[in-house]
Amino acid sequence: MGGFDRTLTIKRVPTVVSNYQEDGEQLGCGRNCLGKCCLLVSKLPLYAYKKEDGVMNEDSMAYSVDQGPPISFLRDLLLGQWEDRMRKGLFRYDVTQCETKVIPGIYGFIAQLNEGRHLKKRPTEFRVDQVLQSFDVNKFNFTKVGQEEALFRFEPSNDNMTHYFPSAPVTSESESPNIVAINVSPIEYGHVLLIPRIFDCLPQMIDRVSFLAALHFAKEAADPYFRVGYNSLGAFATINHLHFQAYYLQVPFPAEKAPTRVISEAKVIPCNGVVISQLLKYPVRGLVFEGGNTIEDLSDTVASSCIRLQSTNIPFNILISGCGKRVFLFPQCYAEKQALGQVSSEVLDTQVNPAVWEISGHMVLKRREDFDKASEEYAWRLLAEVSLSEERFNEVKAVVLEASGLKEILTHRTSIKEEEGNEESFHETYESAKLLLKDCIVLQ
Ligand SMILES: [Zn+2]
């Protein structure tokens with residue numbers, strides 16, 4: 001199977017004129033950075049999203065994201081701006097030149113050969129055994145980044161409408177801004193960072209307000225191929241300054257195609273409508289949050305779970321998929337296993353860091369030999385190393401259910417263990433997964 005035709009996407013994207021200062025005018029600290037010194041004397045484009053679900057007020061200057069075009073305005077704005085920064089040479093390498101292939105098989109794991117990324121990335125500057133660590137102004141953080149890397153602000157609007165302002169001043173009276181910036185070491189087309197309340201210098205840690213902004217970001221992009229991800233410390237976050245990542249990749253992720261089984265039910269009636277499922281037939285054990293009467297319901301349930309995982313020092317990764325309607329939560333222990341010398345050398349040699357994208361099935365490989373020989377079985381084996389054991393996962397599941405205010409469904413049908421397959425016999429699990437997935441595969 002050959003590489004993707006990325007040009008299909010690229011051609012659709014209109015050019016958007018960027019607004020950052022290009023005239024070399026010296027303002028602020030003189031570095032034109034994303035700190036208060038420079039941002040408070042600058043203008044950035046502002047995308048102000050509607051906070052509430054529900055009925056839209058018709059207005060000539062605003063539009064509803066629920067009513068037809070321009071439904072993908074945010075996505076087109078983002079990709080157009082991203083391409084503008086690519087033309088300006090702001091990335092460390094050209095990710096569109098990286099070889100990518102869908103690995104033949106039922107799951108459709110995606111492999112990318114990215115030989116330079118790990119050489120050009122910043123080294124991790126903190127401990128990997130603590131999920132919560134305080135912000136350190138002396139270490140790299142996003143306020144030090146140049147404004148040319150920022151694409152726009154992403155803020156809730158104050159009138160329940162969606163607006164776009166091509167140039168809006170950041171004032172000291174306004175809230176600390178949520179900034180969307182390029183990831184200078186992209187792993188895919190349109191790879192950006194959402195940095196909530198940048199002036200607040202928050203450590204990498206989920207809070208309710210920030211997580212809700214991330215869900216809105218996925219919702220406003222309004223494209224199922226635009227995913228938002230999060231890595232906690234200890235689960236391959238590399239910068240301890242709160243950020244979500246997002247990019248555009250026009251294929252379903254294997255995790256999105258895996259079957260699930262509902263495991264939660266409401267403790268109290270009326271419930272908020274959020275349902276938690278467990279992923280089945282997938283190499284990494286994980287939970288899927290869906291539903292909710294409002295976007296806040298879904299957001300709060302996930303955030304409560306993450307906050308509890310953080311306080312109990314359990315590292316995790318999050319994938320926000322389905323335009324903000326599905327949230328995958330993967331607790332993991334790879335860094336801990338690595339430190340204890342419990343990861344197989346075959347897997348260690350690949351130097352793959354299993355962060356949210358890898359766990360979701362988009363494998364960024366550093367060596368040509370791994371890319372060339374990559375098979376579905378190889379991808380499965382690599383990811384299986386990341387998963388919690390069944391016993392540990394059940395403990396974490398109980399923590400999550402408790403934190404989310406739901407309770408586990410007690411079922412007399414086949415147990416999850418039987419559906420998942422026997423842990424010891426990887427091949428059996430893998431083979432039975434192939435059979436099962438034949439019935440529910442998404443045709444491309
Ligand atoms: Zn500055």
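Me: Within how many Å do the axes of helix 5 and helix 7 come, and at roughly what angle do they cross?

Reply: The axes of helix 5 (residues 208–221) and helix 7 come within 9 Å and cross at roughly 130 degrees. That makes helix 5 oblique to helix 7. Axes here are lines fitted to C-alpha atoms, for helices over the stretch in contact, with angles from 0 to 180 degrees between N-to-C directions. Helices (H or I, at least four residues) and strands (E, at least two) are DSSP runs, numbered from the N terminus. This is a predicted model, in which local features need pLDDT of at least 70 and side-chain atom pairs count only at pLDDT 80 or more, while totals for chains, interfaces and linings use all residues. Residues are numbered from 1 along each chain as its sequence is written.

Me: What makes helix 5 oblique to helix 7?

Reply: Angles under 35 degrees count as roughly parallel, over 145 as roughly antiparallel, 65 to 115 as roughly perpendicular and the rest as oblique. The crossing angle is roughly 130 degrees, so helix 5 is oblique to helix 7. The crossing is also right-handed. A crossing is left-handed if the near helix is turned anticlockwise from the far one by less than a right angle, and right-handed if clockwise.

Me: Which residues of helix 5 and helix 7 meet?

Reply: Helix 5 brings Arg208, Phe211, Leu212, Leu215, His216 and Lys219, and helix 7 brings Ile295, Glu296, Leu298, Ser299, Asp300, Val302 and Ala303. By class, this contact of helix 5 with helix 7 has seven nonpolar, two polar and four charged residues. Two residues are in contact if their C-beta atoms, placed from the backbone, lie within 7 Å. Ala, Val, Leu, Ile, Met, Phe, Trp, Tyr, Cys and Pro count as nonpolar, Asp, Glu, Lys and Arg as charged, and the others, Gly among them, as polar.

Me: How do you know that the span of helix 5 agrees with its 14 residues?

Reply: The expected span is 1.5 Å times one less than the number of residues. For helix 5 that gives 20 Å, and the end C-alpha atoms are 20 Å apart, so the two agree.

Me: Why is helix 5 called mostly covered?

Reply: Twelve of its 14 residues are buried; among them are Phe211, Leu212, Leu215, His216 and Lys219. A residue is buried if 20 or more other C-beta atoms lie within 10 Å of its own, exposed if 12 or fewer, and partly exposed in between, with C-beta atoms placed from the backbone. Over the 444 residues of the chain, 44% count as buried.

Me: Why are helix 7 and helix 13 called oblique to each other?

Reply: The axes of helix 7 (residues 295–311) and helix 13 (residues 390–404) come within 8 Å and cross at roughly 130 degrees. Helix 7 and helix 13 are therefore oblique to each other, and helix 7 passes helix 13 in a right-handed crossing. The contact is made by Thr301, Ser304, Ser305, Arg308 and Leu309 of helix 7 with Val399, Val400, Ala403 and Ser404 of helix 13. It has four nonpolar, four polar and one charged residues.

Me: What makes Asn313 partly exposed?

Reply: Asn313 has 14 other C-beta atoms within 10 Å, so it is partly exposed. Asn313 lies in the loop between helix 7 and strand 14 (316–321), and it has a positive phi of about 60 degrees although it is not a glycine.

Me: Why is Arg197 called partly exposed?

Reply: Its count is 18 other C-beta atoms within 10 Å, which means that Arg197 is partly exposed. Arg197 sits in the loop between strand 7 (192–195) and helix 5. Its phi is positive, about 40 degrees, although Arg197 is not a glycine.

Me: How do you know that Glu290 counts as partly exposed?

Reply: Glu290 has 18 C-beta neighbours inside 10 Å, so it counts as partly exposed. Its place is in strand 13 (residues 287–291). Leaving aside neighbours within four places in sequence, Glu290 is in contact with Val275, Lys325 and Arg326. The C-alpha atoms of Glu290 and Arg326 are separated by 5.0 Å, with the two residues 36 apart along the chain.
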